[in-house]
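Student: I have a model open and a few things to ask about it. Can we go through it piece by piece?

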2 protein chains.
Amino acid sequence: MSRSIAPRIKGVLSPVVTPFKSDYSPDAERFVRHCRWLLSNNVGLAVFGTNSEGNSLSVEERMALLERLVEAGIDPARMMPGTGCCAISDSVRLSSHAVKLGCGGVLMLPPFYYKGVSDEGLYRNYAQIIEQIGDARLRIYLYQIPPVTQVPISVALIERLLKNYPQNIAGIKDTSGDWSYTKTVLDAFRGSGFDVFAGTETILLATMRGGGAGCISATANVNPAPIHSLFKTWEGSDADAQQESLNAVRRVFQKHPMIPALKQAIAHWSNDPGWSKVRPPLVELSNDQASVLVAELTQRGFHMPGLRALAEA
Amino acid sequence: MSRSIAPRIKGVLSPVVTPFKSDYSPDAERFVRHCRWLLSNNVGLAVFGTNSEGNSLSVEERMALLERLVEAGIDPARMMPGTGCCAISDSVRLSSHAVKLGCGGVLMLPPFYYKGVSDEGLYRNYAQIIEQIGDARLRIYLYQIPPVTQVPISVALIERLLKNYPQNIAGIKDTSGDWSYTKTVLDAFRGSGFDVFAGTETILLATMRGGGAGCISATANVNPAPIHSLFKTWEGSDADAQQESLNAVRRVFQKHPMIPALKQAIAHWSNDPGWSKVRPPLVELSNDQASVLVAELTQRGFHMPGLRALAEA
């Protein structure tokens with residue numbers, strides 16, 4: 001267990017999809033395999049995010065999966081688990097556990113049950129969590145995703161948190177879907193050490209040009225190497241072409257519900273049908289939808305190199 | 001621990017507000033006292049609802065509080081704890097625990113993280129919970145509150161659940177805020193044994209006239225006897241006047257954020273300032289707001305008979 005402070009996380013991370021067994025229990029072996037494949041493609045592990053069905057897992061299920069990753073020898077410095085819950089007590093427990101395991105950061109949703117809450121209430125939520133954990137190694141990435149949470153994180157809230165907890169407030173994953181918000185955050189905190197991660201690879205190039213730190217994106221689960229390539233070479237002459245190529249892959253996935261589609265692609269290219277299972281309230285793709293997805297991706301020359309070999313090893 | 005099946009819950013229930021100590025941990029002693037006061041006013045215990053800050057409590061915190069109520073000798077047949085979580089595993093654990101303790105029912109939110117989910121996915125959520133628990137004593141009251149969850153429960157979903165799990169699907173708490181929905185549900189299931197509880201006392205009379213079973217309402221925390229009185233005498237000649245009197249009290253509370261206002265009233269009339277504490281992301285009333293609330297209620301002759309004596313006993 002690392003006691004030192006890991007280097008700051010940069011680059012591309014994946015909200016790692018969580019595999020389930022036929023009885024809907026989490027499948028740790030498939031999970032470890034997928035994390036290894038992502039890391040081998042230079043993509044970090046934002047486990048228990050939205051696309052991970054993280055909120056469909058209990059606190060205990062998340063802790064057990066995280067421990068399995070560390071036991072499997074995967075570097076916790078590459079992990080940014082989702083730890084933001086509706087209950088402060090849960091957020092404290094998950095975040096404290098992640099810090100003790102040596103995780104590079106935690107991705108923290110605001111409490112998302114109540115709507116129309118004040119900045120003061122959200123400030124107190126984050127402040128309480130930080131105070132109760134009381135550990136300089138805690139690095140919080142705020143998780144802005146109002147289309148899902150309906151609870152936005154304002155720039156004024158970030159400023160107040162950063163002023164009072166500069167050691168613990170490390171950055172943001174911005175899935176606002178609103179470039180004017182992203183731009184405001186990039187400009188407001190440029191050079192401050194507050195790292196802005198795009199919430200989708202479709203704005204990775206624009207985010208890097210604006211001084212961002214990378215992206216945390218659903219499709220990094222299935223298309224990791226090309227997304228990492230753009231991150232590495234965003235200053236190159238073909239960056240716009242790379243961005244358009246990433247967007248084209250996403251457009252195929254976006255014709256379907258994203259999480260079932262990601263799992264279906266993994267099921268297909270790893271030749272492991274069990275991967276398609278999702279927890280309710282999500283529903284897996286129909287056979288027809290799955291056929292369309294695979295056919296369209298195949299037509300584009302899409303595949304997931306190395307995935308099948310790993311699954312069958 | 002009761003092994004028999006309790007009689008069906010009817011009448012008025014309160015989403016019991018949850019008191020916190022200065023360190024934000026749940027205060028079981030104040031909680032037991034408030035539950036006793038509500039029961040002495042013929043109001044049942046819908047603990048861990050929206051107005052209970054139920055989703056601001058961890059699974060363990062809810063289970064510990066429920067056990068404390070039972071240990072204190074309070075009849076579990078009068079309890080309808082909130083047990084619907086984003087994670088099926090949590091909903092199963094909480095609901096199973098409630099059944100084992102002999103609770104008269106459980107109030108079950110749909111999983112509320114993902115938005116735009118299908119009826120099929122919501123059906124699978126409830127069906128999985130019922131199947132995994134596998135206990136004929138489990139009585140689920142569906143919790144319809146789309147203004148908060150953003151996840152509505154359709155009439156078609158209720159019909160499908162009721163058809164396949166008639167023993168376990170007992171009714172609904174309807175906080176849709178949409179009388180046309182309430183009316184449709186009342187009409188669709190009249191005489192079927194599916195019990196409709198109004199989600200606010202402002203439509204208690206209309207709900208009873210439409211064949212409903214009672215109400216589960218925030219202000220039952222502070223105004224229990226008058227609300228119960230309307231439930232008992234809704235066929236009387238003064239029912240409309242009673243309803244208007246209840247509405248007038250609610251209007252005073254509605255000038256403020258509801259949960260902090262309820263707790264402030266309890267703090268004042270029990271002479272126990274600690275009651276005003278809320279967990280983030282909620283924020284307690286300011287001193288000015290608290291003064292206005294108490295003054296307006298006092299002017300109306302509002303008080304909470306017996307509460308102070310209980311607190312000081």
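Student: What is the bridge partner of A:Ile140 in strand 5 of chain A?
Tutor: A:Ile169 is the partner of A:Ile140. Strands here are DSSP runs of E with at least two residues, helices are runs of H or I with at least four, and both are numbered from the N terminus. This is a predicted model, where local features need pLDDT of at least 70, side-chain atom pairs count only at pLDDT 80 or more, and totals for chains, interfaces and linings use all residues. Residues are numbered from 1 along each chain as its sequence is written, chains are lettered from A and ligands numbered from 1 in the order in which they are written, and side-chain values use heavy atoms, with hydrogens and water left out.

Student: How many bridges join strand 4 to strand 5 of chain A?
Tutor: There are 5, between residues 140–144 and residues 169–174, and the two strands run parallel. Two strands count as paired if DSSP finds at least two bridges between them.

Student: And what is the strand order in the sheet of chain A?
Tutor: The order is 2-1-7-6-5-4-3, an open sheet of 7 strands with parallel pairing. Strand 2 (44–45) and strand 3 (106–108) of chain A are the edge strands, each pairing on one side only.

Student: Switching to the interface. How many residues does each chain put into the contact?
Tutor: Chain A gives 45 residues and chain B gives 45 residues, with contact meaning heavy atoms within 4.5 Å.

Student: What area is buried between chain B and chain A?
Tutor: About 3,300 Å², with 60% of that from carbon and sulfur atoms. Buried area is the accessible area (1.4 Å probe) that two parts lose on being put together, summed over both. B:Tyr113, B:Tyr114 and B:Pro281 supply 24% of what chain B buries against chain A, more than any other three residues.

Student: How many salt bridges are there across the interface?
Tutor: The rule finds 4 between chain B and chain A; a salt bridge needs a side-chain nitrogen of Lys or Arg within 4 Å of a carboxyl oxygen of Asp or Glu. One of them joins A:Arg124 and B:Glu284, at 2.9 Å from N to O.

Student: Which helices of chain B each supply at least two residues to the side that touches chain A?
Tutor: Helix 2 (59–71), helix 3 (88–101), helix 4 (119–133) and helix 5 (146–149). Helix 4 of chain B has the largest share, 7 residues.

Student: Now salt bridges overall. How many does the structure hold?
Tutor: The total over all chains is 40. In the A:Arg124 pair, A:Arg124 sits in helix 4 of chain A, and B:Glu284 in the loop between helix 11 (258–269) and helix 12 (287–299) of chain B.

Student: What does B:Lys10 pair with?
Tutor: B:Asp195, at 3.0 Å from N to O. B:Lys10 lies in the segment before strand 1 (11–14) of chain B and B:Asp195 in strand 6, so the pair ties together parts that are 185 residues apart in sequence.

Student: Is B:Asp195 buried or exposed?
Tutor: B:Asp195 is buried, at 8% relative accessibility, while B:Lys10 is partly exposed at 48%. The cut-offs are under 20% relative accessible area for buried, over 50% for exposed, and partly exposed in between (1.4 Å probe, protein chains only).

Student: And which residue forms a salt bridge with B:Glu53?
Tutor: B:Lys263, with the closest N and O atoms 2.6 Å apart. B:Glu53 is in the loop between strand 2 and helix 2 of chain B and B:Lys263 in helix 11, 210 residues apart. Both B:Glu53 and B:Lys263 are buried.
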